[in-house]
Amino acid sequence: MAGFNVAREADLSIGEMKQVQAGQTAILLVRLEDGFHAVGALCSHYEAPLAAGALCNDRVICPWHHACFSVRSGEQLDPPGLDGIPVYPVRVVNGEVWVEIPEQPAKIFPSGRNSKDSRSCVVMGGGCAGAYAVEALRANGFGGQVIWITGEEFPPVDRPLLSKGFLSGEASEQWIPLRDPGFYSARDIEVRRESWVTHLDAGKRTVLLDDGHTLNYDTAILATGAVARSLPVPGVELEGIFNLHSLDDSKKLRDAVKSASKAVVVGAGFIGMEVAQSLRKHQLEVTVIGPEAIPFERVLGPEIGELVRGLHEENGVLFRLGHTISAFEGDGKVQQVRLDDDSVLEADLVVVGIGVRPATDFIVGVERQADGSLMVDATMKVTDDLYAVGDLARFPDWRTGKLIRVEHWRVAAQHGRIAGANVAGKDHSYRGVPYFWTRQFGQTLHYIGHAEDWDEIRFNGDPKARKFIAYYLKAGKVHAVAGMEREQELAELEERMRRRGLLEVNSE
Ligand SMILES: Cc1cc2nc3c(=O)[nH]c(=O)nc-3n(C[C@H](O)[C@H](O)[C@H](O)COP(=O)(O)OP(=O)(O)OC[C@H]3O[C@@H](n4cnc5c(N)ncnc54)[C@H](O)[C@@H]3O)c2cc1C
Ligand code: FES
């Protein structure tokens, strides 16, 4: 253990944090009422400097995608990271702050099966929510059998990168797996890779797999996410037309880009716009088509929609908004896209990103909602022995009492963690605040909370300057905020929403 003098006591007031250096190790030094605390300076997700985030009592919130860590224990309190951050002993001697750095990082001894635990849990779906669920089962002491049916994806992938850095060529394939396969075997998680659930009978507690095997379970966690909607128009089966959900989809698209020059993106939602920017990075001519007049208008309002559109236009993206597709045309391979006004665009590559629907077609014995989602309570339970998490779950927003379904990475991770912990015997409820990010042409837009509609959007800062916070108000309360280039304040706002629910307008 080596000791480093990293600061003077007077350098920090109570409630302040600062990044300091202890030899080769970057430290986040924090001063609370009870003294100094030292943790790793970088977020365990993508290594953002935590000092640029927000310190709220003993929680530090990452500025980039709002992971939250305890500055006392280093524990990750909220995803999207997977691990905690290191914690270091600190002492103050004669007004000088000293941090101890161990020669070797502490060893982790993962918990696996316990022969006295006869329970079984089947987790269906190898995406975000499934991955967090299996980890949470073991982390919370579940010693029974864990069977994880992962579909085509194992190890689980960092899906948000698939439309951004991976597709644009900026992120290597090494960044894509969330974990090494050995992580799961060390925890005795039985992975059924390349295996699909074809039938789930919630009444009988049985799962049928595509290889003909039947599994019985005590408890199951359903995390099969959502599948991309297809476009019901002639020619949709032509070569050169893609959806984007899995790593395989993104790889195929990356390959197709090499021999393409004119791309059409159908859908001006988050996936469509991220794909458009990634295809521009490959120098393709890109046209985005969608029925709306302004991208994101329904979700974020016209000002932010115009901002995003302007950002894309500056970078050469073309738009044909206010239109739908009537057909794709070509001789085996797509060559043209015909619009509803009978105009035609040349295209040798098309990406369809028009939304998703919950992947729940194979379930019997529980009620599915009109959109295919499953209704859960705050503990993520559908019934006593079935949990549903992630994109397919319709869950109560504790701030409004309304049932909502959101397609956000961090929410899926939070759901998975809660379900895994509860199956293990805990009693956790969803008390988070939905959070979403999108990154386009170097700008990150953050969205916190949930507002399906609003009476007014109030701006602090100027969306035209791409530095602002937007408050979505309904009946005088802030239901959601969106913002750019104001990361620290946005992280603080999320923390306020987490503690107080809907915020009073005048208090912000
Ligand atoms: C390209 C892309 C980019 C995104 N970017 C962002 C972003 O920047 N920020 C953000 O907040 N959110 C983003 N999202 C949304 C986010 O990824 C999802 O909300 C999140 O992945 C949902 O997690 P999930 O576990 O519910 O579903 P998924 O991650 O979709 O996982 C479901 C898994 O279940 C498998 N499966 C389906 N049916 C079966 C079956 N019958 N049997 C076995 N397995 C099955 C699927 O193959 C898949 O592996 C993005 C989504 C996509 C597709
Ligand atoms: S880098 Fe910290 S949450 Fe992503």
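## Basis

This is a predicted model: local features need pLDDT of at least 70, side-chain atom pairs count only at pLDDT 80 or more, and totals for chains, interfaces and linings use all residues. Residues are numbered from 1 along each chain as its sequence is written, and side-chain values use heavy atoms, without hydrogens and water.

## The second largest pocket

A pocket is an open set of points on a 1 Å grid over the protein atoms alone, with protein on both sides within 12 Å along at least five of seven lines; lining residues have an atom within 4 Å of a point. This one holds about 1,400 Å³, a volume being the space filled by probe spheres set on points joined across faces, edges and corners.

Helix 1 (128–139) gives the largest share of the lining, five residues. Strand 8 (76–78), strand 9 (87–88) and helix 9 (409–423) each supply at least two. Helices (H or I, at least four residues) and strands (E, at least two) are DSSP runs, numbered from the N terminus. By class, the lining has 21 nonpolar, eleven polar and twelve charged residues.

## The cavity

A cavity is a set of grid points where a 1.4 Å probe fits but cannot get out. The structure holds one of 30 Å³ or more. Val 308, Leu 311, Thr 438, Gln 440, Gln 443, Leu 445 and Met 484 line the largest cavity. Helix 8 (302–314), strand 35 (435–440) and strand 36 (443–449) each give two or more residues to that lining.

Terms used
Chains are lettered from A and ligands numbered from 1 in the order in which they are written. Ala, Val, Leu, Ile, Met, Phe, Trp, Tyr, Cys and Pro count as nonpolar, Asp, Glu, Lys and Arg as charged, and the others, Gly among them, as polar.
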